[in-house]
Amino acid sequence: MLDNKLTNYTFTVVDTETTGLSPYKGARLVEIGAIKIYPGLSIRFDKGFSTLINPEKPIPHAAYQVHKISDDIVADAPKIHEVLPHFSKYIENTVLVAHNASFDFKFIDYFYKTCNISCSLIAVVDTLKIARKVVKGLKSYSLDSLINYFQINMSFFGSYRHRAVFDAAHTAVIFVKLIDCLLKENENITLHELIYYFH
């Protein structure tokens, strides 16, 4: 399953917004955004997934300052157990991609388990780890830094930096640019090699 060329896979690029840093300390999801990259590294912004989530608890001011998602905004949003079945169908049998993937996947995996929902993923890939090895010499490998480095200038109606679909879309473009760099060195690079060398 991991030995096919990278260009043969469907990737789902995911970003989450939360009430805090760890679900194990009570933090909840307040938004999930995702963008699909189809075989041939074709990004489909029109095939995205985006939903707010009611965390069923007040959003701390420190979290609000980051993503500007307030209690009022999520008051009528679905709860996590209502969101995850739809999200699972969207991402199943794809390669999950995120920037600092351990953070997003930690939340997703935690709530899958608490909601007793399963989802079949091929693998999880981290653009942060790839960027650190592919792009040399940056002082920071934050999403903002890589957006500036690759000179990406996109806008999405009703979305902005630190909102999930905006960040997922920009991460998708960054991921494709990073993979293009790798393909110039080895056009037959496999998913297994990507995971092994950039773990």
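**The enclosed strand and its surroundings**

Modeller: 8 of the 8 residues of strand S1 are buried (under 20% relative accessible area; exposed is over 50%, partly exposed in between, with a 1.4 Å probe and protein chains only), so S1 is largely enclosed by the rest of the structure. Please note that this is a predicted model, in which local features need pLDDT of at least 70 and side-chain atom pairs count only at pLDDT 80 or more, while totals for chains, interfaces and linings use all residues. Residues are numbered from 1 along each chain as its sequence is written, and side-chain values use heavy atoms, leaving out hydrogens and water.

Biologist: Which residues of S1 lie on one side, and which on the other?

Modeller: Phe 11, Val 13, Asp 15 and Glu 17 are on one side, and Thr 12, Val 14, Thr 16 and Thr 18 are on the other. Both faces of S1 are covered.

Biologist: How many helices and strands does the protein chain have?

Modeller: The protein chain has 8 helices and 5 strands. These are DSSP runs numbered from the N terminus: helices are H or I with at least four residues, and strands are E with at least two. Along the sequence, the pattern is β-β-β-α-α-α-β-α-β-α-α-α-α.

Biologist: In what order do the strands of the sheet come?

Modeller: The order is S3-S2-S1-S4-S5, in an open sheet of 5 strands with mixed pairing. Two strands pair if DSSP finds at least two bridges between them. The edge strands, S3 (42–52) and S5 (123–126), each pair on one side only. Neighbouring strands of this sheet are turned by 25° against each other on average, direction ignored. Such angles run from 0 to 180 degrees between N-to-C directions, and the axes are lines fitted to C-alpha atoms, for helices over the stretch in contact.

Biologist: How many bridges join S1 to S2?

Modeller: There are 8 bridges between S1 and S2, which run antiparallel, and Glu 17 stands opposite Glu 31 in S2. S2 and S3 also run antiparallel, joined by 7 bridges; here Gly 33 has Ser 50 in S3 as its bridge partner. The hairpin of S2 and S3 has 3 residues between the strands, and Gly 40 takes a positive phi near 90° there.

Biologist: In which sense do S1 and S4 pair?

Modeller: S1 (residues 11–18) and S4 (residues 95–98) pair in the parallel sense over 3 bridges. Thr 12 has Leu 96 in S4 as its bridge partner.

Biologist: Let us stay with Thr 12. Why is it called buried?

Modeller: Thr 12 is called buried because its relative accessible area is 0%. Its side chain is joined to that of Thr 94 by a polar contact of 2.8 Å. A polar contact is a pair of N or O atoms within 3.5 Å; within protein, one must be able to donate a hydrogen and the other to accept it, and residues adjacent in sequence count only if both atoms are side-chain atoms.

Biologist: And what does Thr 12 touch?

Modeller: Not counting residues up to four places away in sequence, Thr 12 touches several residues, among them Ala 34, Ile 35, Tyr 90 and Val 97. Contact means heavy atoms within 4.5 Å.

Biologist: Turning to the helices, which strands does H4 lie across?

Modeller: Helix H4 (residues 101–114) lies across S1, S2 (29–38), S4 and S5, running at about 80° to S1. Helix H5 (residues 127–134) packs on the sheet and touches S4 and S5; its direction makes about 45° with that of S5.

Biologist: Which residues of H5 are buried?

Modeller: They are Thr 127, Leu 128, Ile 130 and Ala 131. Seen down the axis of H5, these buried residues fall within an arc of 160°, so they line one face of the helix. The arc is that of the directions from the helix axis to the C-beta atoms. The buried residues of H5 pack against S4, S5, helix H6 (143–149), helix H7 (164–185) and H8. At the start of H5, a side-chain oxygen of Asp 126 reaches to within 2.9 Å of the backbone nitrogen of Leu 128.

Biologist: Finally, is Tyr 196 buried or exposed?

Modeller: Tyr 196, in helix H8 (residues 191–197), is exposed, with a relative accessible area of 51%.
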